[in-house]
Amino acid sequence: MTQIPSMFGALRLPRSILFGRGQRAALGAVTAGIGRRALLCTDERQAAQPEFAAMLADLAAHGVETQVFDGTVPDLPLRSIDTCVAQGRAFGPDVLIGVGGGSSLDLAKVVAVLLTHGGSARDYYGEFAVPGPVLPLIAIPTTAGTGSEVTPVAVVSDEERGTKIGIASPHLIPLIAICDPELTVTCPAALTAFSGADALTHAIEAFTMIARPIDAMLTQEHVFVGKNVLTDHMAKLAVANIFQFLERAFRDGSDDEAREGVMLAALSAGCAFGTAGTAAAHALQYPVGNLTHTAHGLGVATLLPFVMQYNRPACAAAFAELAELIGLSGDDETSRAQAFIEAVSDLFARIGIPASLAALGLEADRQEEVAEHSLNAARLIKNNPRPLDLAAMRIITRAAFTGDRASLATI
Ligand SMILES: NC(=O)c1ccc[n+]([C@@H]2O[C@H](COP(=O)([O-])OP(=O)(O)OC[C@H]3O[C@@H](n4cnc5c(N)ncnc54)[C@H](O)[C@@H]3O)[C@@H](O)[C@H]2O)c1
Ligand SMILES: [Fe+2]
């Protein structure tokens, strides 16, 4: 009798997730249930929006005193965090609210850690370095991509080390996520494309990564525990919605139904990778982002089809399952898996994602640096379905640089 493997599931999530058009109007009531003094972390663009003024009025109407930090810098250089922490110390908030793209949400997370536990962001790099609960966090995304509103990680740019680096701890998961797709209608087409592509990358990496041996200590020893039955469910919800709606939202930003579908995808992809983790495309984006000064989502999306091609021998069944989910067919598992890789690559071409690292702006003589530095992201490397070493990273980087995906099909 063949032994059926037992199921394993793990999800770490906010206490409440509110999703849907108009849900931002719950902010005042929700915040009043947690605290009386709210520090809002956002950027200048967002702080000038009428929706932001309405949020402040709603908070005031519910008796919540507010202070606004509107100096978030994309990709979160460390010095921009210090300014916000100093303002936070002087104000003494009992709740933090992040409103904006992933950079503003990650700022709120890091500031919550520093106001609660002191020190500098550097003290908390890696996994499980945050010693205990932090100030309660409410996260309100205005892009549909990062999933940061539900994840246990914040990514900062350490200029001294010349890299982006993650702080990963279950204590960073916001208490409440309010996901209102109406807040994304102002996203220009390019931002819509690369943040949506980031969400698809989260879903695919979470769905195809390794499933670790089941062990009761797995969730206690790893922030990112690998593929499991619960994260798979969220990842599939994300993939289906991206294929149905991302191109529509890219072509017509005022298409409310498409905005809704893409935000649902970003949220569910965040739920998937926040527990399962991400892998090689994210590890390679760190050095690529540093060298090309390009946005996170744009980099992971450029890399994803090449990483998928390299990984295909290790996760053909998972790719084939995603192919079936979006209505693709093929004679056998390998051809269905390949059809899914082509579908991702075609979708990205239609929404303006570059077809190679050269087109993204990487210089030819920096390929070795990309391959070497990608291995620094150990928490991402260990999750990849096909083992990765320097030789493998060189092969992927070289193929991605020239856009020669076919060269990866035979190795
Ligand atoms: N914590 C996580 O789980 C996680 C996951 C993936 C990425 N990230 C991080 O998130 C950051 C990227 O976040 P992002 O892609 O959301 O962008 P972002 O927050 O860096 O913002 C990029 C630009 O988009 C603008 N913007 C945001 N919302 C807008 C809107 N509704 N209309 C018009 N303009 C808008 C911002 O003002 C800014 O100028 C990176 O630092 C990345 O490392 C974090
Ligand atoms: Fe990402």
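Predicted model: local features only at pLDDT ≥ 70, side-chain atom pairs only at ≥ 80, totals over all residues.
Let me begin with the residues of the shell around ligand 1, which divide into eight nonpolar, 11 polar and seven charged.

In total, 26 residues surround ligand 1, and the closest of them are Asp43, Ser103, Thr143, Thr151 and Val153. If we ask which elements each supply at least two residues of that shell, they are helix H5, spanning 102-117, strand S7, spanning 153-158, and helix H6, spanning 189-208. The largest share comes from H5, with four residues.

Now, which atoms of the protein approach the nitrogen and oxygen atoms of ligand 1? The side chain of serine 103 has an N or O atom 2.6 Å from an oxygen atom of ligand 1. For threonine 142 we go back to the side chain, where a polar atom lies 2.8 Å from a nitrogen atom of the ligand. As for how much of the ligand is covered, ligand 1 taken alone exposes 870 Å², and the protein buries 87% of that.

Let me turn to the pockets. The space that ligand 1 takes is the largest pocket, and about 870 Å³ of space lies in it. Its lining is made of 39 residues, and those nearest the centre of the pocket are Asp75, Gly101, Gly102, Ser103 and Thr146. Two or more lining residues come from each of H5, S7, H6, helix H10 (280-292), helix H11 (296-311) and helix H16 (378-381). Here the largest share belongs to H6, which gives five residues, whereas in the shell around the ligand the largest share came from H5. By class, the lining of this largest pocket holds 15 nonpolar, 17 polar and seven charged residues.

Finally, there is the second largest pocket, with about 320 Å³ of space. It is lined by 18 residues, of which Lys164, Ile165, Tyr286, Asn376 and Ala377 are the closest to its centre. Which elements each supply at least two residues of this second lining? They are strand S5 (126-127), strand S8 (163-168), H10, helix H15 (367-374) and H16. The lining of the second largest pocket has six nonpolar, eight polar and four charged residues.

Key
Residues numbered from 1 in each chain as written. Chains lettered and ligands numbered in written order. Heavy atoms only, no water. Near = heavy atom within 4 Å. Polar contact = N/O pair within 3.5 Å; in protein donor to acceptor, adjacent residues only side chain to side chain. Areas by Shrake-Rupley, 256 points an atom, 1.4 Å probe, with all protein chains shown as cover. 1 Å grid on protein atoms, 1.4 Å probe; cavity = no way out; pocket = protein on both sides within 12 Å on 5 of 7 lines; lining within 4 Å. Sits in = over half its atoms within 2 Å of the grid points. Nonpolar A, V, L, I, M, F, W, Y, C, P; charged D, E, K, R; others polar. Points joined across faces, edges and corners; volume = space filled by probe spheres on them.
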